[in-house]
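Please look over the sequence and the model shown here. The text after them goes through the structure step by step.

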Amino acid sequence: MPDQSRVARSLELYRRAEALIPGRTQLISRRSSQFAHGASPIYAARAKGARFIDVDENEYIDWVNAVGAIILGHADDAVDGAVKAQIDRGSIFTLNSALEIELAELLNEVIPSAEMARYTKGGGEANAVAARIARGATGRSLILFSGYHGWHDWYQSANYLVDPESGEFPFAGIEPIGVPAELAGTALPFVWGDLAGLRDLLRAHEGEVAGIMMEPIRSELPPPGYLEGVQQLARAHDAVLIFDEVSCGFRPRIGGVQEYLDVTPDMTVLAKAMSNGYPMGAVVGSRAVMEPASRMFISSSYWSDNLGLAASLTTIRELERRNSAQRFEALGRALSEHINQALSDVGLGGSCGGMFWNPAIHLKLPDESLRAVANTIFIQEMARRGIHCNMSFKATLAHTMEDIELTAQCAAEVFALIKGGLESGDLQQLLDSDLTKEPFRRLVR
Ligand SMILES: Cc1ncc(COP(=O)(O)O)c(C=O)c1O
């Protein structure tokens, strides 16, 4: 029987949640099946900077950071100070707030594609707004997409086009239960990196495509010229090009991937990191694409909330003041170097690489069927050493070189365990937790 006492309270809460909350968590990526259930913490009590304390009073270095929503560090003094001051002035007014205009002006300054902005409280919701605007602005229905874009019907309806159990994109294992089947065919996936495939899809649906929505990057650089090619195709077919920068925004550069790679879409979707932990999302874009939204029914009470606006304004200014792009580059490169050093010191095959704002470990294994076990053991053993991560890492500006060194030291110990397990042929015996599960597939590498 594995020793689960280290996370006993977390496990007890998770059991209680089963009877009270369908699916137990609000975000699929927060399910304990995403980590090493039995060893990983599930509930946190408090967080500050690069660390959190779980409900069992264990301390962790956090490399997940609210799935990217935290960028400056947990409970950042500047952002929290601005939010607390705003609470004293009123969290939401009867009238509109001038902060809406101030943030739109700041977004216009920092996001290359921004000329006008609409706000929401989250990323999926902002994508639904972007899809509505693209459809309304073009008078067409079809959206082509590549990536993960949230839970809404417009997007999840694509799941009807594939056998969910086939392992094929986009959402193996998650059925579109509750999504109207009549929407099937109104959003079609395309494979990231395959320009010819997108060209064929556009030709097959000539005159029907309202928007091309994509995560411009997830874990590797696009092939040279790819994003420019997508932009040309969008223009040639009069479709709105939408970058979903909910996950990749703000870290590579404050202006996101579009600034980093110098490709400006017509519209951009932002959320998560833009407000360092306060609910906020935005759709920004060119005047030509955004202006028609003034005649569309896109409206919600809490989109006028002042706290997200105050948090966003302060977060973006603090990213500028703290020299974020340079620091993320330094942190990401140092983390990859230290983990690669640990792999080579131990003599375990594999590498840590990918984009500097989200380095990922790929272990070299004799047999692909061992991957889920090896990855779960990594997550499990890192958790026991006070490091909360999965196979990739998202730093915040609160992470230090000391955090990186400590993480790499722990990783070296865990790599040695995995190497021993591989050599003895009994890796499985190191597994004290349930296997980690991939929640859904993304169409972008
Ligand atoms: C690229 C991308 N778009 C949209 C979303 C959905 O955002 P939210 O969870 O805030 O609704 C996510 C969340 O992971 C995302 O990664």
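**Strands, sheets and surroundings**

Strand β3 (residues 59–62) and β13 run parallel and are joined by 2 bridges. Helices (H or I, at least four residues) and strands (E, at least two) are DSSP runs, numbered from the N terminus. Two strands pair if DSSP finds at least two bridges between them. Within β13, Ile387 is the bridge partner of Ile61.

This is a predicted model: local features need pLDDT of at least 70, side-chain atom pairs count only at pLDDT 80 or more, and totals for chains, interfaces and linings use all residues. Residues are numbered from 1 along each chain as its sequence is written.

Strands β3 and β13 belong to an open sheet of 4 strands, whose order is β1-β2-β3-β13 and whose pairing is mixed. Its edge strands are β1 (44–48) and β13 (387–388), each of which pairs on one side only.

There is also an open sheet of 7 strands, in the order β4-β10-β9-β8-β7-β5-β6, again with mixed pairing. Here the edge strands, each pairing on one side only, are β4 (116–120) and β6 (187–189). From one strand to the next the twist averages 20°; for such angles, axes are lines fitted to C-alpha atoms, for helices over the stretch in contact, and angles run from 0 to 180 degrees between N-to-C directions.

Now follow this sheet strand by strand. Strand β7 (residues 209–214) pairs with strand β8 (residues 240–244) in the parallel sense, over 4 bridges. Met214 has Phe243 in β8 as its bridge partner. β8 in turn pairs with β9 in the parallel sense, over 3 bridges, and Ile242 stands opposite Met267 in β9. To get from β8 to β9, the chain passes through helix α8 (residues 256–261), and this β-α-β crossover is right-handed. That term applies if, with the strands pointing away from the viewer, the path from the first strand over the helix to the second runs clockwise.

Is strand β9 (residues 267–270) covered on its faces or uncovered? Both faces are covered: Met267 and Val269 on one side, and Thr268 and Leu270 on the other, are all buried. A residue is buried if 20 or more other C-beta atoms lie within 10 Å of its own, exposed if 12 or fewer, and partly exposed in between, with C-beta atoms placed from the backbone. β9 is also joined by 4 bridges to strand β10 (residues 281–285), and these two run antiparallel. Leu270 has Ala282 in β10 as its bridge partner.

Next comes the ligand. Which residues are closest to the ligand? They are Gly122, Gly123, Gly124, Val246 and Ser247, out of 15 residues that surround it. A residue is near a molecule if its C-beta atom, placed from the backbone, lies within 6 Å of it. Helix α4 (residues 123–138) gives the most to this shell, with 3 residues. The shell divides into 4 nonpolar, 8 polar and 3 charged residues. Ala, Val, Leu, Ile, Met, Phe, Trp, Tyr, Cys and Pro count as nonpolar, Asp, Glu, Lys and Arg as charged, and the others, Gly among them, as polar.

One more residue is Glu329, which lies in helix α11 (residues 324–346). Glu329 counts as partly exposed because it has 15 C-beta neighbours inside 10 Å.

Finally, consider the whole chain. Its secondary structure comes to 13 helices and 13 strands. Of its 445 residues, 47% count as buried.
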